[in-house]
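Please examine the structure below.

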Amino acid sequence: MADAAAPREPRRSVGRPGDRPGGDRRGDGRSVIGRPGVGRPGVVWALPGALFFVFFAVAPMVLVGALAFTDWDGIGTPSWTGMSNWSRLWDDPETHQAIWLSLVLTVLTWVFQTPLALLLGVWAAGRQRNRAVLSAIFFLPLLGSSVALALVWKSLLDPNFGLIADIGPALGFADGDLLGSSKGAFGAILFVTAWQFIPLHTLIYQGGARAVPRSLYDAAAIDGAGTVRQFFSITLPQLRNTIVTSSVIMVVGALTFFDTVLILTKGGPGTDTTIVPYLMYKNGFQAFDLGYASAVATILVVVATTVSLLLVRLTGFAAMRSTREGM
Amino acid sequence: MPRRPRLVGRGSRTPNYPAGLGSLIWLGIVGLPLYVLVAATFQTRDGYIDDGPLALPDHPTLANYRRVLRSDFLSYLLNTALVTAVCAAIVITLSVTVGYTVVRARGRASRRIFQIFLLGLAIPSQAVVIPVYLVITKLQLYDTLLAVILPTAAFSLPVSVLILVGTMRDIDEELYESMALDGASPTRVLLQLVVPLSRSGISTVGVMSALHAWNGFLFPLLLTQSKSNRLLTLGLYDYVGEFRVDTPALLTAVVLSILPIFLVYLFARRQLINGLMGMGGK
């Protein structure tokens, strides 16, 4: 579309600091546009979307911190109680356990899912026909809701009628009651969530690997680098940003697995799979102690926001590059 | 937008046997539960208990499908379809206008707005569901479909804005300038230039927000109550009690809940996959 002879403009980030709305063109010699603002929307165009988002997502994030200092049963008005939720949280062994379990689950999720998704994604970025078919099947778990998929696994792990009744003994669960044992239940959550989400990360890596310039591989092949060497010297470094993005999605996801826990284990046996989001649900919407539950939720907000800031910093999204440039 | 050049990850042309084997193993891990899921729906309850989940049904039956469809399933389906459609419409409208502003507006404010959405990418809905519950109650929307629609749509916005900003930034500056020379208003630029050239991004956003709304569970669980406002995921959760030991019936409900989105996937596969692939950056 662009005239090849005409010098291409550099891609500009919108509104660099110092730009004034409707102001001058910073003398870049491209002032084809007669009046400033013609053909350009004002910021008011973004306000409906921004206000809607702030009202239902950002403001609640702030509000949850405030509710953490109140006592509220979900019906009346929240009443201010100062630090009492926090001192209770500080002393509550169930909360300590939940935070610990969440951390372990998050770390194991990353360790478990990242290498698998990375390898599958890079492999699927190849171009043989069977890969297209296989990646289409890999993709299927993404279509079901967490609820639907957890129900499938719940029936497979049923000690009486499920698959686990047959293969349980081989895994060390003689009675097949995987979900009834503390380690088994935790492992099941780890496995089921990996089963569900590895396809998503595989796709993300597949997209990243496709964008690696082929010339790099050709050059490496001429230099005699084998497949393994190429993977470590070209693919991995080139996928740096993809790894960061996928990791952040994974970590935030692992901090918030809820549907799967609710259906597979209900936080049990005992409280051995009660991770932070489930603890919040239990305190808030089963015991109707929403003030205390808000304190629990605040932990999630703080961790997730920290991760989010890291995302913006590390991936360069803040520089507002197109994520699809060159794809 | 230009078609993606065929850049391929690996340079080596020799088949990579270990990787191929690994992917076949993973195929088994992904495929086996899906096989059990589908096979069980044609199985009778006794057949499932006697023969185990791996058996092919001896006497395939559609009784499970009849049973589920005779329950309230269709009303859940209708509610979910409504919520999904309205959510997608809200998300498309708002993210197109936000994306357009972020890419084209002058000044710091639009940049700030984009940063709010980027930060919002990692706000987990679990963490804010209590204040959302408070807000919905105060708006007197509790136990309405709107109570689910509004927060669900809001949480679809960050990814959608990110995708659309990426797409819209790839539109040539020259096109904007020639429209501006004609004195086109921002509305005309949006409708005649930006929307037509961002079709692929817009359909990706539509498909992804629809998937998100269709599969949502937490907001329906906590913000609705009555059976008439029940959505599919919550209905599935209820079936656990209703079909207590009738696994084939339960799994049939699961299959029926995935089926509509699977049909959409067959048509919109490319959009969805492109969108998900574009999340990673390079």
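In this predicted model, the axes of helix H1 (residues 47–67) of chain A and helix H6 (residues 125–138) of chain B come within 8 Å and cross at roughly 100 degrees. Angles from 65 to 115 degrees count as roughly perpendicular, and H1(A) and H6(B) are therefore roughly perpendicular to each other. On the side of H1(A), the contact is formed by A:Phe55, A:Phe56, A:Ala57, A:Pro60, A:Met61, A:Leu63, A:Val64 and A:Leu67. H6(B) contributes B:Ala127, B:Val128, B:Ile130, B:Pro131, B:Val132, B:Leu134, B:Val135 and B:Ile136. Sorted by class, this contact comprises 16 nonpolar residues, with no polar and no charged ones.

B:Ile130, one of the H6(B) residues in that contact, is also, with A:Phe139 and B:Leu272, among the residues that have the most contacts inside the largest nonpolar core, a set of 174 residues. Beyond its neighbours within four places in sequence, A:Phe139 touches A:Pro199 and A:Leu203 in chain A, and B:Tyr265, B:Leu272, B:Ile273 and B:Leu276 in chain B. Another core, of 5 residues, lies apart from the largest one; its members include A:Val212, A:Tyr217, A:Ala220 and A:Ala225.

Where pLDDT is low, predicted coordinates should not be read in detail.

Terms used:
Residues numbered from 1 in each chain as written. Chains lettered and ligands numbered in written order. Predicted model: local features only at pLDDT ≥ 70, side-chain atom pairs only at ≥ 80, totals over all residues. Heavy atoms only, no water. Core = buried A, V, L, I, M, F, W, Y, C linked by side-chain atoms within 4.5 Å. Buried < 20%, exposed > 50% of the residue type's maximum accessible area, 1.4 Å probe, protein only. Contact = heavy atoms within 4.5 Å. Axes fitted to C-alpha atoms, helices over the stretch in contact; angles between N-to-C directions. Helix = DSSP H or I, 4+ residues; strand = E, 2+ residues; numbered from the N terminus. Parallel < 35°, antiparallel > 145°, perpendicular 65-115°, else oblique. Nonpolar A, V, L, I, M, F, W, Y, C, P; charged D, E, K, R; others polar.
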